Amino acid sequence: MALVACPECTHQVSDSAFKCNQCGHQLRKPKRGFFGKLFKWSFILFNAAMVFWLFSYIGVIGESMNTSQNEYEQAGTAIGGTLGVGMLLVFWVLVDIILGMFVLFTRPKGA
Ligand SMILES: [Zn+2]
């Protein structure tokens, strides 16, 4: 650990510090590590994929509702579709919570 002079107030601060402890000047920006970025992007991509999946799934249910031969078949499709969407939403929320925790744990420190 070395000491460097703060460009704002010339106070000697550690070169591993993000901020000057004298004047609060930001010395360098905390960066997300490799895993931080990985989790952040998988979080974003997962949500985008789930939105896309949900809409295409609803589209498929709507289509089979129209092509169903009788009301029993339609009821079956409606119940199955509702269960499927429900399970998809539970899965979505669970993965979001887990990924969200990783995103929080890997966020830059010292800011
Ligand atoms: Zn300073």
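Visitor: How far apart are the end C-alpha atoms over residues 78-105, and is the chain there helix or strand?
Guide: This is a predicted model, in which local features need pLDDT of at least 70 and side-chain atom pairs count only at pLDDT 80 or more, while totals for chains, interfaces and linings use all residues. Residues are numbered from 1 along each chain as its sequence is written, and side-chain values use heavy atoms, with hydrogens and water left out. Over residues 78-105 the chain is 100% helix and 0% strand, helices (H or I, at least four residues) and strands (E, at least two) being DSSP runs numbered from the N terminus. The end C-alpha atoms of this span are apart by 40 Å.

Visitor: At which residues does UniProt place the feature "transmembrane region"?
Guide: The feature comes from an unreviewed UniProt entry, and such annotations, given in the numbering used here with shortened feature names, may be inferred rather than shown by experiment. In the model, residues 38-58 are 100% helix and 0% strand, with end C-alpha atoms 30 Å apart. The record places the feature at residues 38-58 and 78-105.

Visitor: Which residues coordinate the zinc ion?
Guide: Donors are N, O and S atoms within 2.8 Å of the metal (3.2 Å for Na, K and Ca), and because water is not among the atoms, sites may look incomplete. In sequence the donor residues are spaced C-x2-C-x10-C-x2-C. The SG atoms coordinate the zinc ion at 2.3 Å, and they belong to C6, C9, C20 and C23.

Visitor: Why is the arrangement of the four donor atoms around the zinc ion tetrahedral?
Guide: Four donors count as tetrahedral if all angles lie between 85 and 135 degrees; four count as square planar and six as octahedral if opposite donors are over 155 degrees apart and all others between 65 and 115, and anything else is irregular. The arrangement around the zinc ion is tetrahedral because its four donor atoms subtend angles of 107 to 113 degrees.

Visitor: Is C20 buried or exposed?
Guide: C20 lies in the loop between β2 and α1, and touches C6, C9, H11, V13, H25 and L27, not counting residues up to four places away in sequence, where contact means heavy atoms within 4.5 Å. Buried means under 20% relative accessible area, exposed over 50%, and partly exposed in between (1.4 Å probe, protein chains only). Because its relative accessibility is 3%, C20 counts as buried.

Visitor: What is the phi of T10, which is not a glycine?
Guide: T10 is found in the loop between β1 and β2, and with 58% relative accessibility T10 counts as exposed. Most residues other than glycine have a negative phi. T10 has a positive phi, of about 60 degrees.

Visitor: Which residues does M50 touch, not counting those up to four places away in sequence?
Guide: M50 is found in helix α1 and is buried, with a relative accessible area of 2%. Its contacts beyond those sequence neighbours are L88, F91 and W92.
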